[in-house]
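Thank you all for making time this morning. I would like to walk you through one model, going from a sheet to the cores and then to a pair of helices, so please keep the structure open as I speak.

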Amino acid sequence: MSAEVAAINLGRVLATRAAGLWLGPKRRTQESRSDLSELIRVRVPGLRPQRSLERQFEQIADAVAARLEPLLAHEFRGLSESGRRSALDAVTDTFAAADLSDSSIIGSDADAAELARRIRRAVPAPAGLDEPAAALYELLFSECCDCYVRVLRRLPVFTERAVTELLGRTTSLAAELSLVLDRLPARSLYAPEGEGQDEAFRREYLELVARSLDEIELFSFASERAARTKLSVAYVSLRTAGEPDRPRAPALAAADEDGHGRRVESALGNAKRVLLRGEAGSGKTTLLQWLAVTAARGAFEGELAGWNGLVPVLVKLRRFAGGRLPRPEALLDQVAGPLTGHMPAAWVDRQLAAGRALLLVDGVDELPAAERRAVREWLRGLLYAYPEIRVVVTSRPAAARSDWLRAESFRPVLLDRMRPADVVAFVRQWHAAVLEPGNELPDYERALLTGLQDRPHLRSLAATPLLAALLCALHLDRRGQLPRNRMELYRTALEILVQRRDAERCVPSALEVQLTLTDKLRLLQDLAWRLSDNGRNEIALERAAVHVHDALGAMRHLDRADARAVLDHLVVRSGVLRSPADGRVDFLHRSFQEYLAAADAAAEDNIGSLVGRAHLDFWHETIVLAAGHANRTQRVELIEGILARAGAESRYRRRLRLLAASCLETMEAVPQELSDPLEAALDALAPPREPAEADSLSGVGPTVLRRLPDSLAGLDRPVAEAAVRTAALIGGAPALDRLARWAADAGPAVGNLLAEAWEYFDPEEYARRVLRKLPLSDVFVQVTHPTQWPVLLRLPEVHWVSVGAPFTQGLGATAGLTGLRGLWLYDLREDADLDPLRVHRRLVALTLFGNVPLPAGPPWEALPELITLQLINWESLPSLAALELPERLRHLGLGRLAPGTDLAPLTERRRLGALGLQGSGVPRGLDGLDGLVTLVNLRLTGYDLRLWPASVRTTPPRLSSLYLKDCVLSADLGPLAVFNGLTDLRLSGCRTADGRPPNLESVPEGINVEVG
């Protein structure tokens, strides 16, 4: 049932009861007629008056429906259809059974809240509703009472009756008024005037966010109408990469919900504070916009379902460059400025304090380096004041290291480049978003996918959503012709956006200002350089007009042109400039600003300025692109200058060498005098020493491959891992050749690394050339996309499988994997049938992420060798006393346990060596774990541990490793001394009750502490 239909049905119910009260004030008369039309026919003579009155009450029903529809559309979007229908039926039944007669309404003083209380006392609460459905019922019931009373107050006959009744009660009126005034709460700092309108404003704000942000720019040159589309239609899920300090393969003894290569929604759902890092065009801003829209609609699913009900607050830091960051009461100004005039006082404060806010902070990298520390201090101040809010902060990696917000308990999440399967999904989604009736887009989609399959260099070019979108748009506009490299891609896109699109369609406004393509690009380059030169991504409109005026003065054929008219034309028609807010101008994407600023640097011969700024991350992309724009002499000056600085400045040596090598990507030809210095720089950089270096080094391109080792045997894991990741990110046939060579003599450790690279290549070809050469009985094989699944099923010798892709075939499909010893399933659907797992009788490790109802006699009872079991994110787990678990288990992970779950039954598990528990509140029975005499590793997530371990008298004698994640702790960690054998303590996302990190100096001596 749609929200509109449900709202209309409820509106009719209320209108019918109001008509019954108007036409027959006594309860008996109301109950004798339930149909609106029949009530009117019996009580009102004449056909025309009957029809007129019936139309009026239908209008009343429509008005009520209009008030209720936003509630039904935006609240509890994650609720099942059956639960929603049950809540609606319960509201209808309650109103049908309620006493809504004259005496009842007047007896409640026509007050909605009092009427609701009377009805609740008289009519039993609906039975059989689960918690979300019951919450929806209460919300709708309160709103219906309010609507009903408001309708009655405007019925003239009821007003007369109410006045008569009131006059008869005047003797007690003064006493009752005094009592009411005595009970009225005084206004205070936290209960200011207007608080009663919080819910109404919340609905209005969420509706505005859902409408205004659900729109995205598409790089589409063929159709004006297709330039923008719904974000909810065009959004493509992104993928995360493992941060360098995190393990990437599942570990048998780890009760951990972290996973490498998972979808970003899953990574966000497992953390309260996230630093989301990604390169230019990787989709960071679009992701935050999607989070805001989805939160406003309450439409999160899966691991983000717990975010439904949050109020999104989107802050774009570029707007505050050079100024003060916003105070809490100004956080809504960017997105909902028109509404803030009637926002209830301290509304934002109350959302933040109650933990109902989802703070989305975009673009740390878009601020100058000197201003980024202020962002961290601003965030720290907000989190001290409002420790319960969820926060996502975005930045390019160069501007914020993975540990930049570690002290504030932020988890780093790195957006990875798109794999071949992701590119295919993106291409299909893009074409679906721009599809117009009767066109040939499906044919272009197929042709582009074929082209990407046949030309690996183009597939590697589509590594980010920005570049993939540009490829799609150019392929469509140029009838199947695709660019060779990134420089040509940007150049062609700008030519089409700035000039050809309007000229070919004879757009009238394009003729108002007579500018050639060269003129427009010259002006845009000048503006891009001035922005970059000042470390800005945005500028005031008036200031931009001054820059355009100065640039026009140097263009003799345009020196009489009106600068403001030219600027307005570029903003409206160029497709590159835009006005993100009144009085402000910026580029559609920062990559265009960097490309144009690089072109200006080459045109104006500002090479010395680039060399002087080569150590600054803000200028990295601009310098790489400038190498592509520069002439031969300028390239020599640029590269020699950067390498000379590298030789003289040890602090920046590696960064500068890497920048010089990265310029090889965009240079069409390398001058002879640069060949040897660049070779030497590459020799110093490759092979990479750690995974963190692989991402940047891979940007240099295929020339790095010949510098990677011929074999990975005997290398330290970080070096081997960095080599594999570098080759995988470079992609293409030469990279696949290198990986196949490594696979020929790979042992289990290297085999795990090579198996991780599967997702970067065509699944079938990589399985044939690499996976089949590996010792698959000892290697973890990770499935991160549905296209890998059928290929995996043809590898029956695989023993250890981690599946992060959604299951669409059911667990019965795993029957072909006859050698399975370990299985990690990260995306189980609620309707999954677990019974097929019984066939894998050799399983020793089983991890299930989901919330599947447990059947009687769970499948692990049929697995005689199972020693590791993890049930993560399960909210349907019964009490631990009733949970059927094999006695032979050595490693156990459970969560999410309901608040108040008694942990005492776990004390009987005397064989456990590792235990992971995820819950909330103060744990019960945790101080009795001393019975676990073999317990070595303990992991606790989400608990309030302020009273623990101070309450512990005896401890597990062999416990040596303790991992506390997202827990509330005491500031003093001295009581950990009770664990005599504890040597390793890891804290992640833990805080004290006031939101501060615990005092690490209070950790007893002898315990090694790791944070993050």
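This is a predicted model: local features need pLDDT of at least 70, side-chain atom pairs count only at pLDDT 80 or more; totals for chains, interfaces and linings use all residues.

If we look at S10 and strand S11, the latter covering residues 584–587, we find that the two run antiparallel and are joined by two bridges. Which residue in S11 is the bridge partner of Arg578? That partner is Asp586.

Now to the cores. The largest nonpolar core has 106 residues, and those that touch the most other members are Leu754, Tyr766, Leu846, Leu848, Leu915 and Leu964. Helix H33, residues 717–730, gives this core its largest share, namely seven residues. There is also a second, separate core of 89 residues, and Leu482, Ala551, Ala563 and Phe587 are among its members.

To return to Leu846, and leaving aside its neighbours within four places in sequence, this residue is in contact with several others, including Leu823, Leu837, Trp860, Leu863 and Gln870.

I would next like to draw your attention to Ala743, which is found in helix H34, residues 732–743. Is Ala743 buried or exposed? With a relative accessible area of 0%, Ala743 is buried, because the cut-off for that term is under 20%. Not counting residues up to four places away in sequence, Ala743 touches Leu754, Val770, Lys773 and Leu774. Ala743 and Pro775, although 32 residues apart in sequence, are 9.2 Å apart in space, C-alpha to C-alpha.

Finally, the helix pair. Helix H7, residues 112–122, packs with helix H8, residues 131–152, at an angle of about 125 degrees, and their axes are 9 Å apart. That angle makes H7 oblique to H8, and the crossing of the two helices is right-handed. On the H7 side, Ala112, Leu115, Ala116, Ile119 and Arg120 meet a set of H8 residues that includes Glu138, Phe141, Cys145 and Val149.

Methods:
Residues are numbered from 1 along each chain as its sequence is written. Side-chain values use heavy atoms; hydrogens and water are left out. Two strands pair if DSSP finds at least two bridges between them. Helices (H or I, at least four residues) and strands (E, at least two) are DSSP runs, numbered from the N terminus. A nonpolar core is a set of buried Ala, Val, Leu, Ile, Met, Phe, Trp, Tyr and Cys residues joined through side-chain atoms within 4.5 Å. Buried means under 20% relative accessible area, exposed over 50%, partly exposed in between (1.4 Å probe, protein chains only). Contact means heavy atoms within 4.5 Å. Axes are lines fitted to C-alpha atoms, for helices over the stretch in contact, and angles run from 0 to 180 degrees between N-to-C directions. Angles under 35 degrees count as roughly parallel, over 145 as roughly antiparallel, 65 to 115 as roughly perpendicular and the rest as oblique. A crossing is left-handed if the near helix is turned anticlockwise from the far one by less than a right angle, and right-handed if clockwise.
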